[in-house]
Each structure stands twice: as structure tokens, then as C-alpha cells.
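Here is a short report for a reader meeting this structure. Please look over the sequence and the model, then read on.

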Amino acid sequence: MSKVNIGERVRRTEDLRFLTGRGRYIDDINLDDQARAVVVRSPYAHATINAIDTADAAAMDGVLLIVTRDDWQREGFGPIPTKSGIQKMKDGSPLRQSDRHCLAMDRARYVGEPVALVVAETPAQAQAAAELVDVDYDELPAVIDPVAALQPSAPQLWDDIPGNLCLDFELGDREGTEKALAEAAHVVTLDIENNRVTAVPIEPRGCIAAYDAATDRYVLYNASQNVHANRDAFATQVLNLDKDQLDHIAPDVGGGFGAKNSTYPEPPLCLYAAKRLGRPVKWINSRSESFQSDTHGRGQTSRVTLALDADGRFLALRTDTVGAIGAYAWTVGPFTPTGGAARTQGGPYRFPAMYYTSRAVFTNTMCMDPYRGAGRPEATFQTERIIEYAARKLNMDPIELRRKNLMPPEMLPHKTPMGLDVDSGDFPLLFEETMKMAEAAGLTELRAAAEAKGRKFGFAIAPYLECTGGGPKEHASVTFNPDGSVGLAVGTSSTGMGHETSLSQILAAELGIDLDRVRFVQSNTQATPLGGGHGGSRGMEVGGSAVLQAAREIVDLAKPLAAHLLQSETEDLSFEDGRFAAGGGSVSMADVIDASMDADRLPDGMEPGCLDHSSVFERGVISVPNGVHAAAAEVDPETGVVDLAGYWVMDDFGTIINPMLADGQVMGGVAQGIGQAFLENIVYDPDTGQLMTGSLMDYGLPRADDIPNMEIGYYEGQPTAKNPLGVKGAGEAGCVGACPAVVNAVLDALTDFGVTHIDMPLTPQKVWRAIKDGGAHDPEGLMRAVS
Amino acid sequence: MPDITLNVNRQAVSKTVEGRTLLVEFIRETLGLTGTHMGCDTSQCGACVVHLDGKPVKSCTVLAAQADGAEVKTIESLAPEGEMNPMQRAFHEHHGLQCGFCTPGMVMTAMALVAENPDPTEAQVRHGLEGNICRCTGYQNIVAAVLDGAKAMRG
């Protein structure tokens, strides 16, 4: 392979092993003498645990160990407090949380909560024994819906937390917003539910824990997308270890989307069991258990109010959200419906005033943690739905209404009323470019084709503004090896995004070396002292910037050597396209690297290996990816079935490292948004709290014929100055823009029927029912009890 | 416990298995061919698709004992010398994979689809891939890869 550049569609180096069956995922790893673990999970949504009798289970063939709450209490293992970015209530008091242990202690609070760990020689033996662990439960009333959980009569999850309220929150100008609402020519209000979904990476979670008594050290192989943060929590909060006693390594990870970011209970249970047994312990979650025990996302109910003047100019936006966080304040769970969803309220529109208030509420369900977008999809959906709804109610053209209110480029940089620092972009340009793409695809012809089939046609456009997040620091370490290879270790975690290629591409491009010399390492606490893993579209923004910074510092380190080789002075050197030049001579970086390993070619004071270098990049301010989605939908009024007839996207991700990989992120994100909009829904029985969507038979994922082809364009005219690469972030934007685009397109198609709102997922049954009901809908029906 | 003899990736294999052993477990755990993946427990995801006597099957839905006497091909059979076949190359070229977990099943399904219909339309490809779930790619690049892989295999 030859030289590469930033911005080139470089094919992926990781593909060869994945395409030939040589990927190494967690379940592909087996350690000598390993035992197998199965988790005993609560069958009740809410129940007192009186006693746990393990005698029959322990007597089963092959059973080695059963871990219960008694072990956890005896060992003095700690709970895992939430790291939510918002830690204080409106009144300044701390958010309310109780202990989240790895096993249920006095009570089980959701179906699937771990109650015991059974370890046996084989998975089948462990499973058989798990079924004989006799747990004496007294079932308690459960509450599932977060609005219901706020009612005075609701079952209470925690004795010391009144009203099931974990955290309340507000942001923005309350008085100014209220004043604008009172004085506006038009005020439109709509209650919206953002359905509870789950990430469903196709590889289920799993881990292998091993303990070495001689050194009192542990190693954990784990399908994690955040090995450093997880290691810190497992070691210091749960197991009372020093961080350096635990090496945490993620092998190839089969998708994550946020759900493999969390501090889950199973790995510490396995680490403890490995020490007790003196044998490695392997645990692999089943898919059905994954629905119970992988974190969920979204699950917010909101009242959104938009004030407009007589000409349709936006005056104010007010949002009041109730967000379920599940039974515990999980890793960062309370942040999503509070600070997470607040920041990008109002999207790329000019709003003189905005006010966001929300409550994060305990429910007897699996817990919430980030799922791709974590708050920004909700904010965009709220903003775009209320705009579309207002256009319909006020007989305005929804496209014109948006066009009129977009922030013009001369308004930037701009701090929104939500405090978001929007530094760069051209929202009207992207809007018009997206419209052109859709029109070029033939909206008129698509409409005619739909109508010829007896179908209704709809079109919608949805601008979005989002923001990056996740750990602000990233470490990149570069080593030059005598065999010619170049080691690159970064603390990010690709779970499919292709960092092995894109981060190596940045290094190779910057140094001017061949890409295939780079040996990439990630997700390994031994390889990098710190790392932020993956989340918040930070891979290129923070990880890429760390690699770029390290590469630039290596060029500086190499200058004395290059000058020595060229017999010139360091200050006379230039470096371009991988070559140092001075006077008439030049030398390639590759040659300089070779010389750096050869003591005979080094100047005095430089030693072999002198170019090896590590660098830590720290983000100052989060960046603001933005763009526009548009969708065309056909609806069969006889059946309620929706077909997407077209999909167009323009994104401003700043600098694009590898457009092929960026396309992949957009396509996958849009598919997840379309999944949420039409198919996906986590449903618990509202009375018993039993999970009704507990398998892939019940939880609908999009398949190949559910997703349309997308046309994707990029605007790279205004890279951000917030990081040296100019990257704004690409990973989550797809599913930020998709839900409003497709839902609004369907509702546009249903105009003739008077249908103005349907909550996701827009299943054929719900669409058909809305048509039959002729648009009868209570716009304030969801939040009345708590507003 | 049944004794079975079968041909896996052109090699004869004779083993004694538990009656309840699934073909996917036999392939992964007994034979150590870990390219075939398990993504679910209800035969929905298709990560475990292999060819059984030339037909694509979800190997989580077949007992190892049922494969007695059969010819099984897994993802490992497609590039025995490390040289990818045209379908694998098309997935690489079109970025038809991200995390790679669904990929072996996806490629094995695509190979069977093209064997049956060497010149499929896009709609036929999308329909043919319905039994395989990918959570990363949004399918667009997979579909492009299968169409292009089919073309390359037609020669």
C-alpha cells in the first residue's frame, strides 16, 4: 500500500480478518481451565428478597461456586455511583441515588436484575444449576411509566427517595420564555413520547475474568467500549483494588452504540469468582437476557411549546420532559433527560428565548444509559415535531417556516439560549443543498408514482444540530520498531467504526509513511495509560486530534536528526508531504525513522528509539456537528404500511478523515433512527413490569428491505477551530436527524386524513388507526398529570 | 451420544456429540471455527449462517446430529489461502461491514443467494438478506457489495 491522505476513501485494514472469519470477539476467546458463569436474574419487576437457598443448585453436577449478596456484603464490595454530568437538583441539593450493587440486596427492582452468579464447568451445567437457585421473593407493586411514577399514589422504589424523583433540572430563561409565550401571536403545544429502545449490538455482551494469585493481579477481557473508565469503577469502587491490579482489554467488539459503555455488574462478579476459584471465569449473555440487562435509551415524555409571531418567526421554545432512568441511577443515566437533551434544544434555529426543564424518574425497569445520541435525538425530535405540528396547525408551509427561522451564517459564532457554543456552519446553505438533492431525485415523479399505486405521499425536511461528548482527554502513543512497523496505541474504542484504519490514516498521512506499516492497538489499559473509550462521537474529534498532535510532535522530535542527515540546521528545515528539506537536499520521514534506530546515523545526544512518543490531547469545548435530513414516504391508507421512497442528507462534520467511513456512520445511524421510528419499542407490562419485548422475535429491528438507499453529501467549508483536525464528529448524527425526517414525512402524507401526530413507533397498526380516527388526538394527553 | 461423520470445509470430521449439541456449537466449540457467530437465541439474526449441502442454514437451528453425512461450509472455507473471494472483496470495496459480527453470516447468505440467482436485482438482494440482521451499516453498502460481488462472480 502506498501513501494516504486525510480525506481519502481508504479501504479498511480490519476487513480482512472480519471477512475471513478471523475476527477475535469475546466468545472466540477461551482460557485454559476456564469455568463458565450464568447469572440468576430477578423474574419480578419489584420484590423483596427474603432468602436465597443455593443448596440444591450447589449440589448439581459441575457446579463450582454460587455468588450471592452474602458474599458481596461479607467482602465489603462497594456500589457504583452515577457519574451523571448533572449532579445537583434545581435547589442545589445532590441528585438522589441509592446504592447500585452488582447483585440485588434487599429488593429486586427490575426484571433481569442479577440476584446470583452460578459458576460451573460448562455453560449447560451452570444454566441447569441457575434454575435451581431458590430465591424467596415477596412481590411488590411496580411502576413502569415515568409519568405514572411521579404520581403521589405510585409505588415507591426507594424508601429514602421521595416521589421516585432522582433529579430535577432546568436550563435557560424561564421568565423571558414565559413572557414571550404570553405575548406571542401563536402558541402551539404538543405532548410527545420518545419511545424506549435498546441498542442491540449483534454481538451480545460477555467477558472472561482471570486472577493470578502470585501477583495478586487480574485481567479482564470484556466486550466493552470504555475499558479505562470501566476498569476504574470495577477496581476502585466495587472490588477495593488499586487500578493497576486490573488489566482491562477489549478484543474485537461486535457493535456497541453506547450500550457497551456502561459499568455493568457481570464483570466484577466474574472477577470475584475468578479469584475465589483460582480459575478463569467466562460469561456470555444470551440475546434474550440482553433485552433485560443491556441498558436502554430514549424513553422520554415531553410537553413542547412553541411561540411564533404573526409572520411565523420563532419567539420562544419551552420543553418539559419526564425521563425514565430505570431502577438505579446507572453509569451516567440521569444526564440524558436533563443536561443531555437540553443542550441542542431548538436546533439550528434563531430563538430569542428558550427554557428546558425536566425530571429524571426511577421506574421498575432496566436502567437508561447513553444510546447513540443520548439526548440529542430527543431534542431534535422535539424541536422538529413542534415546528411541523405548528405549521400544520397554523396553515404555514413547513419548509418555508424552517427556512425563515434558520440561523444565518452571519449570526455565528453564537451561544444558544441553552449555552451551546455554535462556532461555525452554514445552515441555510445545507438546507438548500438538501432540498436540491431531493428535488433532483424527482419529488414530483415520486409523488405521482405513489399516487398511481393508491398511496399517499409525504415529504419532510429536518435540520439538526448536535454536539460531541464523552471523555475530554485522549492518549496516543507511537512507537517505531526495528522491523519497520509503527505501533499506534490510542485510548479510543472502535466497536466497528474503523478506527484501526482512520486513526492509522491520520498518522500515516501526517508522517508521510505507508499505512500498512501501522500496527494499531486500542481498548487495552496496558497499552495506554488513559483513554476515553467511545461515546459522544469523540473518536476522530478527540482520538484523531491526539494522533495528529502526537504526529506533529514527532516531526518536531525528528528535526534535529533530519538536520543532521541533511547536514543543515534545524531552523532551516521544512516538512511537507512526508519529506524534510533544507537547502537543496531532502530526506523522507521514512528514512529519518530508519536512521532513528541506527546508532551510527544518530547525532550526539540522540538515542535509538528517540522518536517514540506519546501525547495527550484534551478537548476544550465540545464541537457542534450539524446538517439536514430529508425523507419521502409512501403510505398505504388501506394497511397503514409505510415505504420510504427517498432519503437525503447533507452533513457538516467539519474535516472528513475518511468519507467512506463517514458514509457508514451516517447510513448506520439513519437506519437506527428509522428503526426507532417504525419498528423498535421496548415494552413492559404496565402493571407487572414483565418485559414483553424480550427477544428478537418481539423487538423489531430494521432489515435489509426496511431501509432506503440514502444520498449523502458533506459540507467541509467551515471546519471547527475547536480541535486541530477541524473535525466536528460523525458517529451519532445519523440517528439524530432520522426520526423527525421520517415521522414528519409520514405525517405529511396523512394530511388529507387530518392526522397531525402519531407517537413512535409508527407501526402499520398505529398509522391505520390514526387514519380511521380521522386525526382525533389529544395534544396534551401525555403530560397532563404532571404539568 | 450420537457419532457423526461429516465434511466441514472439505475435511472429513468424525466426532461423538451430545444429542442436544447445535451445529453452531459444534462448529465453534468442537472444531474451533469461530468465524461463525451467535448473535441471538431465536434464529432471527443470521450471524450463524453456514452452507449445509449447498443450502444456507442458520446453524443455531440445526442439531449437529442432523448434519451427519452432510457437507458443511463455513466462512473459513471462502479464503483458504487468505485470498478473499470476489464476494468478500466486494464487501471490502463497498464498506459492507463495520463491526464484522454479522459479516460471516451475511457473506454466506450472499454466496447462496448468488449461487441461486447469479444476476439479482436490488430488490431481490434486499429480500434475500431479510434473514440476516446488521445493526451497523444500514444495509446500503451490503446491498451494493452483493450486487457487485454477483457481477464479479458472473465474470
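Which side chains meet in a salt bridge with an N to O distance of 3.5 Å? They belong to Arg28(B) and Asp27(A). Keep in mind that this is a predicted model.

**The interface of chains A and B**

The count of salt bridges between chain B and chain A is four. Polar contacts join 27 residue pairs across this interface, with both residues at pLDDT 80 or more. On the side of chain B that touches chain A, H2, H3, helix H4 (122-128) and H5 of chain B each give two or more residues. H2(B) supplies the largest share, four residues. By type, that side of chain B holds 16 nonpolar, 19 polar and nine charged residues.

The table sets out the interface in figures.

| Item | Value |
|---|---|
| Residues of chain B in contact with chain A | 44 residues |
| Residues of chain A in contact with chain B | 49 residues |
| Area buried between chain B and chain A | about 4100 Å² |
| Share of that area on carbon and sulfur atoms | 54% |

In chain B, the residues that lose the most area to chain A are His95(B), Arg135(B) and Gln140(B). Together they account for 20% of what that side buries.

**Helix H2 of chain B**

Helix H2(B) covers residues 86-93. Its buried residues are Met87(B), Gln88(B), Ala90(B), Phe91(B) and His92(B). What do these buried residues pack against? Their partners come from both chains: helix H1 (15-19) of chain A, and helix H3 (103-116) and helix H5 (140-154) of chain B.

Both ends of H2(B) deserve a look. At the start, a side-chain oxygen of Asn85(B) comes to within 2.9 Å of the backbone nitrogen of Met87(B). Just after the helix, His95(B) has a positive phi of about 55°. His95(B) is also one of the residues of chain B that lose the most area to chain A.

**A sheet in chain A**

Chain A has an open sheet of three strands, in the order S4-S2-S6, with antiparallel pairing. Why is one side of S4(A) and of S6(A) left without a neighbour in the sheet? Strand S4 (107-108) and strand S6 (134-139) stand at the edges, and each has a single partner strand, so one side of each is left without a neighbour there.

Strand S2(A) spans residues 47-53. S2(A) and S6(A) pair in the antiparallel sense over six bridges. Ile49(A) stands opposite Tyr137(A) of S6(A).

Note on methods: Residues numbered from 1 in each chain as written. Chains lettered and ligands numbered in written order. Predicted model: local features only at pLDDT ≥ 70, side-chain atom pairs only at ≥ 80, totals over all residues. Heavy atoms only, no water. Buried < 20%, exposed > 50% of the residue type's maximum accessible area, 1.4 Å probe, protein only. Contact = heavy atoms within 4.5 Å. Polar contact = N/O pair within 3.5 Å; in protein donor to acceptor, adjacent residues only side chain to side chain. Buried area = accessible area lost by both parts, 1.4 Å probe. Nonpolar A, V, L, I, M, F, W, Y, C, P; charged D, E, K, R; others polar. Pairing = 2+ DSSP bridges.
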